[in-house]
Amino acid sequence: MRICVVGTGYVGLVAGTCLADLGHIVTCVDNDVDKITGLRRGEIPIYEPGLDHILHRNVREERLSFTTKGAEAVQAAEVVYIAVGTPSGADGSADLSGVMSVANMIGDALVRNSTVVIKSTVPVGTADAVRSAIAARTSVQFDVVSNPEFLKEGAAIDDFMKPDRIVVGCANPETKDVMNQLYKPLMRTSNPILFMDNRSAELTKYAANAFLATRISFINEIARLCEAVGADVEQVRKGAGSDSRIGLRFFFPGIGYGGSCFPKDVKALVETAKDAGVHLQIMDAVEHVNSLQKQLFVERVVERFGEDLTGVHIGLWGLSFKPQTDDMREAPSIVLIDGLTARGATISAYDPEAMEEAKHMVGDKARFATSRLDAVTGADALILVTEWREFRNPDWAEIGTLMRQRIVLDGRNIFEPDRVRQSGFEYFGVGRS
Ligand code: NAD
């Protein structure tokens, strides 16, 4: 099939590349001229493991191309994906201006019977709004499908190619055939394509992200209780999570969730519910707990060094909101850097992939180190923020000789407290007795 993907970010670029790899002819569109110019030169604007290899192969084999000319790409396509961003608006609801401007562009451009697939995360009712916007501009036949994306940054290719499920909101049997044709190659291991109505598909994505955010805030709150009563959350997590109804996956305490999805999607769901006259009390609590959790290590540093942190130097390991991505949106590292530097601390930070992105976000509030050892040299404390693999097995003896004081704050509970303490360090984790 001929496919056009509008929006060439984490989702659009991965989806476009994977669809090309499944044998379709794909044109990826973006209104960011620099991004498209770079992609045409073979430069990939994001860090996503495995993406470069597949992308370059499909460009070479002429199944994948990049353009800023949306109308031309739409005219050539049978299926048009909308994968632009839906950031939080001022009131927390999803800002749909990108989605609607693409819908208008599609409506002006359509020349053939087409399927418009909304991949962006959008509130209930957006498919109807996109359908009306396109219909107001064309008499050509088309259908609108809600097809939310569930990929995880850092494992995006695998998630797209081997999804747990594919959610497709559409009513028309011919459109179902098109979607079946597109996704059948991904469903050979019997994972289902779940067909449903547009509104249910739209809400499914928010329900999934809201539940995952809830798990994180839940175990973070239990971690706080563990500290207060002298229990160890790592034991509690395993004990509770071993119940198959609960599960151990995605059940780790830390210093709060971030990223481009959970924070904005929780807020948008709350706003959708408000508009419908429903107060989502659990979601309010999830957000509140998360904002407290992002402050946890600022509080811990203050408890250890005092309110005035002038002269205190902190080494940070990890900046991205999670490992295996360079995405810095809503990363807990930003809250930490802001909170510590506001009290006078200085910071040297190191991240394997996210330093360029981080420079845009935190500017000169931190020095960007050349390596993990450079980051801890002369530091009074090391804070582990993001659990990249290369941080998991440090040589504590060597690190101890580089630091001014031997203090470790482990924001992801990846170190063994006893081993760290045996090397003469003070150790602070999250919810560990
Ligand atoms: P992103 O910000 O990385 O990329 C969006 C791209 O769209 C940008 O390159 C931007 O230049 C482009 N764009 C914006 N308006 C445009 C327009 N009018 N015409 C052409 N291009 C335009 O965003 P993302 O992380 O890829 O997310 C896209 C959507 O997918 C969001 O709704 C998000 O919630 C959802 N989603 C994201 C993830 C994730 O892990 N990032 C996972 C699942 C779903």
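This note describes a predicted model of a protein chain with a ligand.

1. Basis of the model. Local features need pLDDT of at least 70, side-chain atom pairs count only at pLDDT 80 or more, and totals for chains, interfaces and linings use all residues. Residues are numbered from 1 along each chain as its sequence is written, and side-chain values use heavy atoms, with hydrogens and water left out.

2. Overall fold. The protein chain contains 18 helices and 14 strands (DSSP runs, H or I of at least four residues for helices and E of at least two for strands, numbered from the N terminus). Its C-alpha trace spans about 70 × 50 × 40 Å along the principal axes.

3. Burial. Of the 433 residues in the protein chain, 53% count as buried (under 20% relative accessible area, with a 1.4 Å probe and protein chains only).

4. Ligand shell. There are 26 residues around the ligand, and Asp30, Lys35, Thr86, Glu153 and Lys264 come nearest (a residue is near if one of its heavy atoms lies within 4 Å). Domain 1 (2–196) and domain 2 (205–292) each give at least three residues to this shell, the domain bounds coming from an automatic or database assignment. Helices α1 (10–21) and α5 (97–109) each supply at least two.

5. Polar contacts. These are pairs of N or O atoms within 3.5 Å. A backbone N or O atom of Val11 lies 2.8 Å from a ligand oxygen atom, and one of Tyr10 lies 3.0 Å from a ligand oxygen atom. In the side chain of Arg329, an N or O atom is 3.1 Å from an oxygen atom of the ligand.

Technical notes. A polar contact is a pair of N or O atoms within 3.5 Å; within protein, one must be able to donate a hydrogen and the other to accept it, and residues adjacent in sequence count only if both atoms are side-chain atoms. Buried means under 20% relative accessible area, exposed over 50%, partly exposed in between (1.4 Å probe, protein chains only).
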